[in-house]
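Student: I've got a model open and I'd like to learn how to read it. Can we go through it together?

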Amino acid sequence: MLFLWIFNNHDARITRYDTCDEAFMIHDAECIWFNIRNSIDIKTKLVEICQRKFLVRFNMITLRGKLRRDNDLANSKNRDYNKRASVRDRLLIKEVQEMQQTLPGTCQVKFKDPSLLHEFTLLIIPDEGYWIGGRFSFEIYINEEYNMTPPVVKCVTKLWHPNISEDGDVCLSILRQSSIDGMGWAPTRKLKDVVWGLNSLFTDLLNFDDPLNRDAADLYIKDKESFRSKVKDYIMQYAKR
């Protein structure tokens, strides 16, 4: 005796039909004919098949939902990023112009791409002090959170300086989110203030009491002439280009 067992893709149910006419009223179904001689084993096997099929279908639905949620989250982040970046760029249009108008005579600014105001190089050529005769380049990057956060500054010219490490890290209050001397970054600060601060590291803001390069500060305290000589050696080796 033959019966028709139907697996329904919509609800993962198994139904037995005695006739084909009755069975094919169910749409979107996968049909299997079996001899009913061992109907219990057959139905058990069908249950296993249905469970696997339903699990695959369920996982696909779950995956589609996750991808949709991830996509919505990414779009939301992109909207926030674009909004923040546009605020930064609007500020920079005015601040870059102001910076260039008030640029110290010892400083030069170069943009790799004139359309990207958020990254540029500052060249400082001191005309007095220990570092006179050298050319010192600083890469400045303004991130999307500007002006809530300070620009990121890196000195790309190796030098012997108490407030600039040989790896290019710069110790300057205005570049810190918070500073114990009260001179840290604030939204009222401008790019011209950053340029002024970096330029002054070679003169007025030179600080041996709170050094980043402890060895340079110690050498200055012990033997100023040896310090001067080492500064000149670094200039001749790294800062004449």
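This is a predicted model: local features need pLDDT of at least 70, side-chain atom pairs count only at pLDDT 80 or more; totals for chains, interfaces and linings use all residues.

Student: How many residues does the largest nonpolar core have?

Tutor: That core has 40 residues.

Student: Now the rings. How do I read an aromatic pair?

Tutor: You look at the distance between ring centres and the angle between planes; over 60 degrees counts as edge-to-face. The whole structure has 14 aromatic pairs. Take tyrosine 130 and phenylalanine 227: their centres are 5.2 Å apart with 90 degrees between the planes, so by that cut-off the pair is edge-to-face.

Student: Where do tyrosine 130 and phenylalanine 227 lie?

Tutor: Tyrosine 130 is in the loop between strand 5 (119-124) and strand 6 (136-141), while phenylalanine 227 is in helix 5 (residues 224-238), so their pairing ties together parts 97 residues apart in sequence. Both residues are buried. They also belong to one aromatic cluster, formed by Tyr130, Trp131, Phe136, Phe138, Phe202, Phe208, Tyr220 and Phe227.

Student: What kind of pair do tyrosine 234 and tyrosine 238 form?

Tutor: A tilted one, at 5.6 Å centre to centre and 55 degrees between the planes. Here's the general idea: an α-helix has 3.6 residues a turn, so residues three or four places apart point the same way. Tyrosine 234 and tyrosine 238 are four residues apart in helix 5, about one helical turn. Tyrosine 234 counts as buried because its relative accessibility is 13%, whereas tyrosine 238, at 23%, counts as partly exposed.

Student: And which charged residue sits over the ring of tyrosine 220?

Tutor: That's lysine 224, whose charged end is 4.7 Å from the ring centre. There's another case at tryptophan 160, where lysine 230 lies over the face, 3.9 Å from the ring centre.

Student: Which residue does the UniProt annotation "active site" cover?

Tutor: Cys171, according to an unreviewed UniProt entry. Treat such a record with care: annotations may be inferred rather than shown by experiment. In the model, cysteine 171 is in the loop between strand 7 (152-155) and helix 3 (191-200). The residue counts as buried because its relative accessible area is 16%. Not counting residues up to four places away in sequence, cysteine 171 touches Asn163, Arg176, Leu201, Asp210 and Leu212.

Student: Let's follow asparagine 163, then. What does its side chain reach?

Tutor: The side chain of asparagine 163 reaches the backbone oxygen of asparagine 207 at 2.7 Å. Asparagine 163 is also in the loop between strand 7 and helix 3, and it is buried, at 1% relative accessible area. Beyond four places in sequence, its contacts include Asp169, Val170, Leu205 and Pro211.

Technical notes: Residues are numbered from 1 along each chain as its sequence is written. Side-chain values use heavy atoms; hydrogens and water are left out. Rings of Phe, Tyr and Trp (its six-membered ring) pair if their centres lie within 6.5 Å; planes under 30 degrees apart count as stacked, over 60 as edge-to-face and the rest as tilted. Helices (H or I, at least four residues) and strands (E, at least two) are DSSP runs, numbered from the N terminus. Buried means under 20% relative accessible area, exposed over 50%, partly exposed in between (1.4 Å probe, protein chains only). A charge sits over a ring if NZ of Lys or CZ of Arg is within 6 Å of the ring centre and within 35 degrees of the ring normal. Contact means heavy atoms within 4.5 Å. A polar contact is a pair of N or O atoms within 3.5 Å; within protein, one must be able to donate a hydrogen and the other to accept it, and residues adjacent in sequence count only if both atoms are side-chain atoms. A nonpolar core is a set of buried Ala, Val, Leu, Ile, Met, Phe, Trp, Tyr and Cys residues joined through side-chain atoms within 4.5 Å.
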